[in-house]
Amino acid sequence: MSDATINNTTQTGEAGFGDYFALLKPRVMTLVVFTALVGLLAAPTPVHPMIGFAAILFIAIGGGASGALNMWWDADIDQVMKRTRGRPIPAGKVQPEEALGIGITLSAMSVIMLALATNLMAGAMLAFTIFFYVVIYSMWLKRSTPQNIVIGGAAGAFPPVIGWIAATGTMSVEPWLMFALVFMWTPPHFWALALFMRSDYDDAGVPMLTVTHGRPSTRRHILVYTVLLAGLALGTAFTAVGGPVYLAVSVVLNALFLSGAFRIWRRDEAMAEVDNYAVERRFFRLSLLYLALHFAAILAEAVLRPYGLGGWG
Amino acid sequence: MSLKVTHEIHDRRFGRNVGLALVLVGFIAVVFGLTVVKVTSGGFEPPRAPVQEADG
């Protein structure tokens with residue numbers, strides 16, 4: 001962004017509709033929508049399409065609202081990091097108070113509407129997720145511990161649980177397997193990003209593992225978490241949400257993911273700088289595919305089940 | 001000079017208003033759709049009073 005644009009937006013003080021939409025972190029919202037949808041459809045209770053649509057919509061809006069509140073709180077560090085400098089608040093397009101107002105309003109609206117459309121437990125779970133992401137992760141952990149990503153990753157892991165509860169109205173063990181998958185996937189995903197974004201987190205003073213424990217330690221952590229994730233992901237194949245399709249997809253993805261983590265572990269900074277962190281970037285892109293395809297496989301098992309093809313049954 | 005000259009800010013404001021209008025219309029449609037589904041599926045029916053049998 002040029003200085004001219006900053007001056008222009010500051011003078012006019014008028015944000016476009018797209019700037020407000022960007023506050024809701026649309027890319028994160030796609031992950032929320034997809035995992036919540038899988039949670040909803042994998043549940044054993046059929047849901048009316050209209051209620052299912054409304055449930056996913058309000059879960060997505062709740063996720064977006066927490067994104068807006070996160071941008072309001074983190075405006076100071078977003079200004080410093082290259083990756084986040086273009087966000088609406090640091091770019092001067094939206095005022096922090098506007099983001100706060102939009103975040104609180106949409107949070108309340110999404111929780112109430114989800115509870116009315118489905119059940120109270122789903123609404124309460126969405127409220128807890130927003131609280132966890134904004135207060136526990138953004139306000140507390142992110143700036144105080146290098147384990148920020150590990151514990152904060154739980155916030156992104158709740159949507160399939162909310163989707164499941166929206167459909168069934170009860171809590172059971174299956175959606176928590178999906179929760180565990182996202183939870184264990186988040187650290188290697190973000191640490192790979194932290195490796196190739198290099199000085200971003202250092203400059204912002206965020207205690208990312210790369211800053212507090214160094215890059216070689218981060219590489220070791222990626223490998224350890226990937227091994228644990230692979231065990232969990234493959235083990236899920238033999239549970240109620242898994243099956244042969246899931247197992248086949250998971251074996252391939254985990255072989256690729258483990259090989260990527262192993263290569264990251266074997267490299268040092270000098271090697272990484274030669275090819276501009278090509279291995280770390282590839283691992284990050286693979287991580288997106290990894291999660292999407294695991295959830296697609298869970299969905300496939302659920303869709304095939306009524307025809308006697310899903311699961312091990 | 002005409003007073004009707006539109007500045008870029010007017011276009012942006014118009015886009016924002018149209019966006020907000022569409023969001024509100026969408027919200028109304030979702031609430032209406034939910035209401036129809038809940039009512040037709042019996043979700044809003046009050047508990048039935050016990051039926052009194054006619055005396056003899």
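A: With 14 C-beta neighbours inside 10 Å, Gly169(A) counts as partly exposed. The cut-offs: 20 or more other C-beta atoms within 10 Å of a residue's own is buried, 12 or fewer is exposed, in between is partly exposed, with C-beta atoms placed from the backbone. This is a predicted model, where local features need pLDDT of at least 70, side-chain atom pairs count only at pLDDT 80 or more, and totals for chains, interfaces and linings use all residues. Residues are numbered from 1 along each chain as its sequence is written, while chains are lettered from A and ligands numbered from 1 in the order in which they are written.

Q: Where does Gly169(A) lie?

A: In the loop between helix H9 (159-168) and helix H10 (174-196) of chain A. Helices (H or I, at least four residues) and strands (E, at least two) are DSSP runs, numbered from the N terminus.

Q: What is Gly169(A) in contact with, leaving aside neighbours within four places in sequence?

A: Asn119(A) and Met121(A). Contact means C-beta atoms, placed from the backbone, within 7 Å. Thr45(A) is 124 residues from Gly169(A) in sequence, yet 9.2 Å away in space, C-alpha to C-alpha.

Q: Is Tyr277(A) buried or exposed?

A: Tyr277(A) counts as buried, because it has 21 C-beta neighbours inside 10 Å. Lys25(A) has 19, so it counts as partly exposed.

Q: On to helices. How do H6(A) and H7(A) cross?

A: Helix H6 (residues 96-117) and helix H7 (residues 120-141) of chain A have axes that come within 7 Å and cross at roughly 155°. That makes H6(A) roughly antiparallel to H7(A). Under 35 degrees counts as roughly parallel, over 145 as roughly antiparallel, 65 to 115 as roughly perpendicular, the rest as oblique. Axes are lines fitted to C-alpha atoms, for helices over the stretch in contact, and angles run from 0 to 180 degrees between N-to-C directions.

Q: What classes of residue make that contact?

A: Nine nonpolar, three polar and no charged. Ala, Val, Leu, Ile, Met, Phe, Trp, Tyr, Cys and Pro count as nonpolar, Asp, Glu, Lys and Arg as charged, and the others, Gly among them, as polar.

Q: And at what angle do H4(A) and H7(A) pack?

A: About 20°, with axes 10 Å apart. H4(A) is therefore roughly parallel to H7(A). Their contact has nine nonpolar, five polar and no charged residues. From H4(A), the residues include Ile59(A), Gly62(A) and Trp73(A).

Q: How many residues of H4(A) are buried?

A: 20 of the 25, so H4(A) is largely enclosed by the rest of the structure.

Q: Now chain B. What's its secondary structure?

A: One helix and zero strands. Buried residues make up 2% of its 56 residues.

Notes
Contact = placed C-beta atoms within 7 Å.
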